[in-house]
Amino acid sequence: MAVLDIVTYPDPRLREATFDVKDINAEVRQLVRDLIDTMYSLSAAGIAAIQVGRLERIFIIDGKVADPAAGDDAKPLVFINPELAETGHGLTIAEEGCLSFPNVFVDIKRPRWAKMRALDVEGNSFEVDGEGLFGRAIQHEHDHLTGRLMIDLVGMVKKEVIKRKMKRWHNEHDGKPPAPKPTVPQI
Ligand SMILES: [Zn+2]
């Protein structure tokens with residue numbers, strides 16, 4: 001089991017260009033396992049590879065987010081080379097957290113529903129869609145793979161508040177990972 005360090009804002013690595021996985025080899029499978037370990041260790045709803053400084057287009061969503069009825073038996077969902085196929089059903093605002101913005105929770109407006117296509121860790125293509133936290137989480141993680149962050153989706157005043165909070169967090173924590181079990185799932 002490997003828990004990887006989280007890259008936190010304003011680290012420029014969160015803005016780097018990502019690339020498609022060409023071959024789901026042993027190294028990629030190891031990265032997927034490490035991402036899953038890291039996500040669970042931080043009680044996060046999801047995690048993108050770029051949040052641990054890796055540029056492969058991969059993200060993970062906690063299976064409980066995808067299927068709340070399955071509870072702890074739910075397997076994590078692995079998205080490799082994901083494509084946001086469609087969004088719709090109007091817009092909705094909800095509070096979001098992000099591992100790369102520890103202790104920052106902000107209202108973000110997004111399409112209510114989203115459909116994502118991707119490859120699983122066996123290389124099979126699949127399609128999922130959803131609303132609620134799942135629909136929001138897949139959009140949030142997909143944003144990470146395009147270098148887009150929560151702070152890009154809020155107004156000027158809120159941006160400054162987030163920047164100040166992150167400056168304070170870095171002063172206090174100096175790179176330690178975010179505390180687990182936040183009040184709102186971090187993704
Ligand atoms: Zn995030």
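Residue numbers start from 1 along each chain as its sequence is written. Because the model is predicted, local features need pLDDT of at least 70 and side-chain atom pairs count only at pLDDT 80 or more, while totals for chains, interfaces and linings use all residues.

The protein has 4 helices and 5 strands, in the order α-β-β-α-β-β-β-α-α from the N terminus. Its radius of gyration is 16 Å, close to the 16 Å that the globule rule gives for 187 residues, so the protein is as compact as a globular protein of that length. Here helices (H or I, at least four residues) and strands (E, at least two) are DSSP runs, numbered from the N terminus. The radius of gyration is taken over C-alpha atoms, and the globule rule is 2.2 Å times the number of residues to the power 0.38. Along the principal axes, the C-alpha atoms fill a box of roughly 45 × 40 × 35 Å. Of the 187 residues, 33% count as buried; a residue is buried if 20 or more other C-beta atoms lie within 10 Å of its own, exposed if 12 or fewer, and partly exposed in between, with C-beta atoms placed from the backbone. Among contacts between residues at least 6 apart in sequence, 66% join residues at least 24 apart, a contact being two C-beta atoms, placed from the backbone, within 7 Å.

The segment before α1 contains Pro 10, and a cis peptide bond with omega of about 5 degrees joins Tyr 9 to Pro 10. Helix α1 covers residues 26-41, and its 16 residues should span 22 Å at 1.5 Å a residue, which agrees with the 22 Å between its end C-alpha atoms. The expected span is 1.5 Å times one less than the number of residues. Val 32, Leu 35, Thr 38 and Met 39 are buried in α1. These residues cover an arc of only 130 degrees around the axis, which puts them on the same side of α1; the arc is that of the directions from the helix axis to the C-beta atoms. The face turned away from this buried side carries the exposed residues Ala 26 and Gln 30. The cover over the buried residues of α1 includes β1 (46-48), β2 (58-61) and β3 (77-98).

In the loop between α1 and β1 lies Ser 43. This residue has a positive phi of about 55 degrees although it is not a glycine, and it is partly exposed, with 14 other C-beta atoms within 10 Å.

Next come the strand pairings, where two strands pair if DSSP finds at least two bridges between them. Strands β2 and β3 run antiparallel and are joined by 4 bridges; Phe 59 has Phe 79 in β3 as its bridge partner. β3 also pairs with β4 (residues 101-119), in the antiparallel sense over 13 bridges, and these two strands form a hairpin with 2 residues between them. Thr 87 has Ala 114 in β4 as its bridge partner. β4 in turn pairs with β5 (residues 125-130) in the antiparallel sense over 6 bridges, with Phe 126 in β5 as the bridge partner of Ala 118. Their hairpin has 5 residues between the strands, and in it Gly 123 takes a positive phi near 90 degrees.

His 89, found in β3, has a positive phi of about 65 degrees although it is not a glycine. His 89 is exposed, with 11 other C-beta atoms within 10 Å. Gly 97 also lies in β3 but is buried, with 22 other C-beta atoms within 10 Å.

The largest nonpolar core has 38 residues, and those with the most contacts inside it are Ile 47, Phe 59, Ile 60, Ile 61, Phe 79 and Ala 137. α1, β1, β2, α2 (63-66), β3, β4 and α3 (132-145) each supply at least two residues of this core, and β4 gives the most, with 6 residues. Such a core is a set of buried Ala, Val, Leu, Ile, Met, Phe, Trp, Tyr and Cys residues joined through C-beta atoms within 7 Å. Leaving aside neighbours within four places in sequence, the contacts of Ile 61 include Ala 45, Pro 76, Leu 77, Ala 137 and Ile 138.

Helix α3 is mostly covered, with 13 of its 14 residues buried. From first C-alpha to last α3 reaches 21 Å, close to the 20 Å expected at 1.5 Å a residue. Gly 147 follows α3 and has a positive phi, near 80 degrees.
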